[in-house]
Amino acid sequence: MSEQGLREIPLLPLRGVLVFPYMVIHLDVGRERSVAAIDEAMLHDDREIFLVMQKEAQTDEPDEDDIYTVGTVAQIKQLLKLPGGTIRVLVEGLYRAKIISYEEKEPYIKVTVEPQEESVEKTPEIEALMRNLIDKFEHYVKISKKISPETVVSVVTLEDPGRLADVVASHLILKLTDKQKILEAVDVGERLELLCNLLAKEMEIMELERKINMRVRRQMEKTQKEYYLREQLKAIQKELGEGDERTAEAEEFREQIEKAKLPKEVKKKALKEVERLEKMPSQVAEATVVRNYLEWLLALPWSKQTKDRLDIKVAEEILDEDHYGLREVKDRILEYLAVRKLAKKLKGPILCFVGPPGVGKTSLAKSIARSLKRKFVRVSLGGVRDEAEIRGHRRTYVGAMPGRIIQGLRQAGSRNPVFLLDEIDKMSMDFRGDPSAALLEVLDPEQNHTFSDHYIEESFDLSQVLFITTANVQYNIPRPLLDRMEVINIPGYTEYDKLQIGEKYLLPKQREEHGLKPEQLTISENAMRRIIRGYTRESGVRNLERQIGTICRKVARDIVAGDIKTALVTAKNVEKYLGTPKYRYGTAEKKDVVGVATGLAWTQVGGDVLSVEVIVLNGKGQLTLTGKLGDVMKESAQASFSYVRSKVKELGIPEDFHEKNDIHIHVPEGAIPKDGPSAGITMATALASSLSGKPVRRDVAMTGEITLRGRVLPVGGIKEKILAAHRAGIKTVILPKENKRQLEEVPLSVKRKLNFVLVEHMDEVIREALVDNGDQKS
């Protein structure tokens, strides 16, 4: 066709399809320039148009660089306009041509093309290539079963080598780039050879596909269609030499390991495990174990840590905002911050908060984390009896996983969180091991920088973790464990503390939780005090918060019902909201009484006043003790009795009183167990009063241990006892002289209202507590 020479012709760019000479095909045309090109072609008698493929199918408005240079000149056979402006065109390829130049780009692309077809002499080599191509094509049709046998018959009858190559190429399922190469091959021999090679490669792949299908069918049941398809894909990838799922997964793990900034030894271990995983079949159970292990290694914060807030003033404000009092704990945290600011590398302290329930141990740990701007992790050790709970299980066990410590660090996502080990005194042990022994390494600052978990197997540095443990009682904590911790005792709150906490923290919190505004509910100070005394008996403030919550609910109900708009709770109307008081507190005697002395006692829920009653009866010198007294308290009563016998002359008591009289000592509220030596001077005073007939001053309360020689020894719980005395209306408090330093803990407002008498001997107590009958108050 070389005689046709150069010619101008409208161009139609094709997306995702290529047209060979002699090929008849339908095309759907919708782009404006493409439609204009067809309209232009239809104006000419020959109705010819140049079809050429775009390099990228996504390009909507192709330019010169986006279009291949070799295409096919085709004739439009039919044209059908579809709804939406699309035109369906039936075209027949005539001959290949090459773009020489672009003449116009609007309203359609017009190009000058040069025909590329050339007549060829049928040499023996060409004949051989033609026969080879026909044989391969026949074989291809048999294998693929996607081309009708009639097509093979029509191909076999073709004599022209160029036409044979183009017709065969138009029927093959090849990549568009390969088809373009065939179209650009002007030399017929080159075109036939290229086509034979592509056919051979395609048949090789199809043969492999057939073998794979056969192998997979033998392995899988017919019903497992989904599994069959996956296996087929794997087999194809394997035969083609492409990476399978295991390789892809291994590469993904290697990328994550590189990004994770793991310590050298951990990285080496992780890469070794990745190699093992890569060699294992994915169905093997061990593969899941290795995969989980790698995920754990990568999830741990080996190098991630938060930056501490080292501003002491801000930290102090946060601690004071969250908790009232607790000065010792707050000072310890601020000291840690100060040292941390000066010394950049500092091991985290290991604190142990010991105190009764409800005093804020757990919430204080949260507050510490907030003040330091650290992550917070809480692990409850109550009831833990297996060492593996702390150290984890070895990977040989089914369902193995790391211990609570490593789990907590993963949860925090930081290597320096505030880590709370709650209820450390509630751990126990059995045949599976002793968890408290496993904690020795965790809570030892000299060892925990190389903490080893059985599951992880690599050392993890816990030295930057701020460990806080909590306990209700100290004696349940194993001694070696206790030795590693800095114990901070958090005593029960005093009534004064509870009053401040109730007004400043609990009431605003409960009002907010119940949707009440400050002006809608007010609780007076006396009402709060009455709630504390009559409706709670605890060291902490949990029950106090519940009682305030009860009041808030009842007030909220009244407001919603429209009965009231605001509520003022006073000491007089507390019972309206909370009912009859559940508890009673001791108060001072109303008049001076012979044989009744007021003592001060410490309980787990604070201090209380305690009356000791002594009565002298005719008898044979028997000493009776009642009131559910413990052994120490009984011995204290015996010591008091012996002391009084040694002082009969000074007290004006008959020397043979112990032979003619029985003495009965009773401590009221008999259902409550009582013990301890601090009631010694109280029992001695009551005995002296009863035997001498001199009354005890009603406004005097006392506490202290007595010896046989009458010395007064120091006792504990001074702060709580003094507050109880103040609450009961006592004016004078007799204390052991050695307890003087404990008076600093007592609020100044309480100390101003009391007279303190510090004594070293029982004689001083008698002089202060007993009054002559002539001086008796009424």
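Close-up 1. Glutamate 125 has its place in helix α2, which spans residues 124–144, where helices (H or I, at least four residues) and strands (E, at least two) are DSSP runs numbered from the N terminus. The model is predicted, and for that reason local features need pLDDT of at least 70 and side-chain atom pairs count only at pLDDT 80 or more, while totals for chains, interfaces and linings use all residues. Residues are numbered from 1 along each chain as its sequence is written, and side-chain values use heavy atoms, with hydrogens and water left out. At 58% relative accessibility, glutamate 125 counts as exposed; buried means under 20% relative accessible area, exposed over 50%, and partly exposed in between (1.4 Å probe, protein chains only). Together with Asp187, Glu190 and Glu193, Glu125 forms a negative surface patch. Patches are made of residues with over 30% relative accessible area and no salt bridge, like charges being joined within 9 Å and nonpolar side chains (Val, Leu, Ile, Met, Phe, Trp, Tyr) within 5 Å.

Close-up 2. A salt bridge, defined as a side-chain nitrogen of Lys or Arg within 4 Å of a carboxyl oxygen of Asp or Glu, joins the side chains of arginine 33 and glutamate 106 (4.0 Å, N to O). Because arginine 33 lies in helix α1 (residues 32–42) and glutamate 106 in the loop between β5 (87–104) and β6 (109–115), the pair ties together parts that are 73 residues apart in sequence.

Close-up 3. Arginine 415 counts as buried at 16% relative accessibility, while aspartate 461 is partly exposed, with a relative accessible area of 24%. Glutamate 768 and arginine 697 form another salt bridge, their closest N and O atoms being 3.1 Å apart. Glutamate 768 lies in helix α28 (residues 762–769) and arginine 697 in the loop between α25 (680–692) and β20 (700–702), so this pair ties together parts that are 71 residues apart in sequence. Here glutamate 768 counts as partly exposed at 23% relative accessibility, and arginine 697 as buried at 16%. Elsewhere, Arg7, Asp46 and Glu48 are linked in a network of salt bridges.

**Close-up 4. An aromatic pair between tryptophan 302 and phenylalanine 460.** The model has four aromatic pairs, where rings of Phe, Tyr and Trp (its six-membered ring) pair if their centres lie within 6.5 Å, and planes under 30 degrees apart count as stacked, over 60 as edge-to-face and the rest as tilted. The rings of tryptophan 302 and phenylalanine 460 have centres 4.9 Å apart and planes at 50°, so the pair is tilted. It links distant parts of the chain, with tryptophan 302 in the loop between α10 (285–299) and α11 (312–322), phenylalanine 460 in strand β11 (residues 459–460), and the two 158 residues apart. Both tryptophan 302 and phenylalanine 460 are buried.

**Close-up 5. Helix α26 and the glycine that follows.** Helix α26 (residues 718–728) is mostly covered, ten of its eleven residues being buried. Among these buried residues are the charged Lys719, Glu720, Lys721 and Arg727, and also Ile718, Ile722 and Leu723. Glycine 729 follows α26 and has a positive phi, near 90°.

Close-up 6. Lysine 373, a residue other than glycine, has a positive phi near 60° and has its place in the loop between α13 (361–372) and β8 (376–380). Its relative accessible area of 51% makes lysine 373 exposed. Glutamate 423 likewise has a positive phi, near 55°, and lies in the loop between β9 and α16 (435–442), where glutamate 423 is partly exposed with a relative accessible area of 24%.

Notes
Areas by Shrake-Rupley, 256 points an atom, 1.4 Å probe, with all protein chains shown as cover. Charge placed at Lys NZ, Arg CZ, Asp CG, Glu CD.
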